[in-house]
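The questions below take up some terms used for this structure. Each answer sets a value against a definition and concludes.

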Amino acid sequence: MIEQIKNLKAEIASLQATSADEVEALRIKYLSKKGVINQLMADFRQLPPEQKREVGAPLNELKTLATDTINALKEALTAADDMDPNLDLSRSVAPLPLGTRHPLSLVREEIISIFSRLGFTVAEGPEIEDDWHVFSALNFAPDHPARDMQDTFFIMRDPDILLRTHTSSVQVRVMEHAKPPIRILAPGRVYRNEAISARAHCFFHQVEGLYVDRNVSFADLKQSLLYFAQEMFGPDTKIRLRPSYFPFTEPSAEMDISCNLCGGKGCSFCKHTGWVEILGCGMVDPAVLDACGIDSRQYTGFAFGMGIERITNLKYQVKDLRLFSENDRRFLEQFQAAHL
Ligand code: PHE
């Protein structure tokens with residue numbers, strides 16, 4: 001009987017089935033009431049006690065093996081049934097849609113990368129500022145209209161705490177703590193109390209730059225900005241500086257570039273002038289250097305500031321400012337292929 005059990009174990013261990021019917025046939029053959037194993041159990045009960053002791057354990061093992069094997073065959077078949085017969089397991093995974101970078105981030109990074117080649121590093125500061133860093137240190141007269149409720153968002157009706165209206169506040173913070181030479185870029189979000197339209201928004205983004213050292217001249221400013229314009233808009237780009245006014249620079253200028261759409265010939269984008277304005281700039285007013293603790297008899301500096309939205313409009317011809325903050329995927333996905 002021991003021999004018989006051994007043979008059956010080997011036989012059961014190698015059982016195979018390809019359908020539920022085959023598994024059922026095996027179950028009947030081995031495990032049903034009249035099946036092989038029950039037959040052995042009946043024989044076992046007839047054995048004398050000393051043989052029972054010998055056969056009991058292997059016989060139980062045989063029963064467990066048969067039950068487990070047949071259950072496993074059944075499970076394997078139901079798992080296979082659940083599988084879609086058309087499923088192609090060799091197919092590569094479905095491509096995941098790639099995210100895109102926001103056009104303002106792309107342009108901000110490009111501006112930073114161009115000026116970093118001239119030795120500028122990035123500085124940051126708070127968006128909630130005080131009057132000193134946004135206005136007073138920058139030479140704004142107490143009654144300057146920019147301080148007016150029309151332009152500036154004040155926090156909690158406190159005239160001292162406000163949302164910065166430009167990132168020049170970061171330049172003040174840097175000058176207060178660093179010693180020249182200073183060469184920084186201040187990128188960031190700024191806020192102005194304007195009605196939202198295609199051409200204006202209550203927040204936008206700037207990159208401002210500041211260079212303070214001994215003997216910094218207007219020629220340095222002009223050459224740095226020419227380098228920037230040609231790197232950003234192409235080597236044929238021309239620049240022109242028009243006199244302007246900012247409280248914190250003297251002399252001050254606004255810079256135009258030759259229209260990058262018509263090449264300067266004149267089109268509707270440049271209002272047929274051939275030029276488009278892109279930034280404000282000037283030599284840092286000595287009063288500002290002194291207010292920030294830098295000796296204006298030893299040092300001079302230049303500063304410039306531009307709106308990232310403006311540069312992005314020129315680069316990608318985005319006509320409506322509101323598109324930048326609406327997060328419409330149809331707009332954002334167009335920048336899929338844009339790269340630095
Ligand atoms: N702070 C100015 C603005 O927000 C830009 C500017 C920066 C002009 C530095 C001149 C020099 O409009």
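Q: What makes a residue part of the surroundings of the ligand, and which residues are the closest?
A: A residue counts as near a molecule if one of its heavy atoms lies within 4 Å of it. In this predicted model, 13 residues surround the ligand, and the closest are His166, Ser168, Arg192, Gln206 and Glu208. Residues are numbered from 1 along each chain as its sequence is written, side-chain values use heavy atoms without hydrogens and water, local features need pLDDT of at least 70, side-chain atom pairs count only at pLDDT 80 or more, and totals for chains, interfaces and linings use all residues.

Q: Which strands supply at least two residues each to the shell around the ligand?
A: They are β6 (203-213), β9 (275-284) and β10 (300-307). β10 gives the most, with 3 residues. Strands (E, at least two residues) and helices (H or I, at least four) are DSSP runs, numbered from the N terminus.

Q: How do the residues of the shell divide into nonpolar, polar and charged?
A: There are 5 nonpolar, 6 polar and 2 charged residues. Ala, Val, Leu, Ile, Met, Phe, Trp, Tyr, Cys and Pro count as nonpolar, Asp, Glu, Lys and Arg as charged, and the others, Gly among them, as polar.

Q: Why is Arg192 called partly exposed?
A: Buried means under 20% relative accessible area, exposed over 50%, and partly exposed in between (1.4 Å probe, protein chains only). Arg192 has a relative accessible area of 26%, so Arg192 is partly exposed. Its place is the loop between β5 (182-191) and β6.

Q: Why is the pair of Glu231 and Arg117 called a salt bridge?
A: A salt bridge needs a side-chain nitrogen of Lys or Arg within 4 Å of a carboxyl oxygen of Asp or Glu. The side chains of Glu231 and Arg117 meet at 2.5 Å, N to O, so the pair counts as a salt bridge. The pair links distant parts of the chain, 114 residues apart: Glu231 is in helix α8 (residues 218-233), and Arg117 is in the loop between α5 and β1 (121-122). Glu231 is partly exposed at 37% relative accessibility, and Arg117 is partly exposed at 46%. The structure holds 16 salt bridges.

Q: Is Glu129 buried or exposed?
A: Glu129, in strand β2, has 2% relative accessibility, so Glu129 counts as buried. Arg173 forms a salt bridge with Glu129, with the closest N and O atoms 2.7 Å apart. Arg173 is in helix α7 (residues 168-177), 44 residues from Glu129. At a relative accessible area of 27%, Arg173 is partly exposed.

Q: What links Asp256 and Arg242?
A: Their side chains meet in a salt bridge (2.8 Å, N to O). Asp256 lies in strand β8 (residues 249-258) and Arg242 in strand β7 (residues 239-246). Asp256 is buried, with 3% relative accessible area, while Arg242 is partly exposed, with 27%. Both belong to a network of salt bridges that links Arg240, Arg242, Glu254, Asp256 and Glu277.

Q: What makes Met83, Leu87 and Leu89 a nonpolar surface patch?
A: Patches are made of residues with over 30% relative accessible area and no salt bridge; nonpolar side chains (Val, Leu, Ile, Met, Phe, Trp, Tyr) are joined within 5 Å, and like charges within 9 Å. Met83 has 46% relative accessibility and counts as partly exposed. The patch made by Met83, Leu87 and Leu89 is about 330 Å². Met83 is in the loop between α4 (49-82) and α5 (103-116).

Terms used: Areas by Shrake-Rupley, 256 points an atom, 1.4 Å probe, with all protein chains shown as cover.
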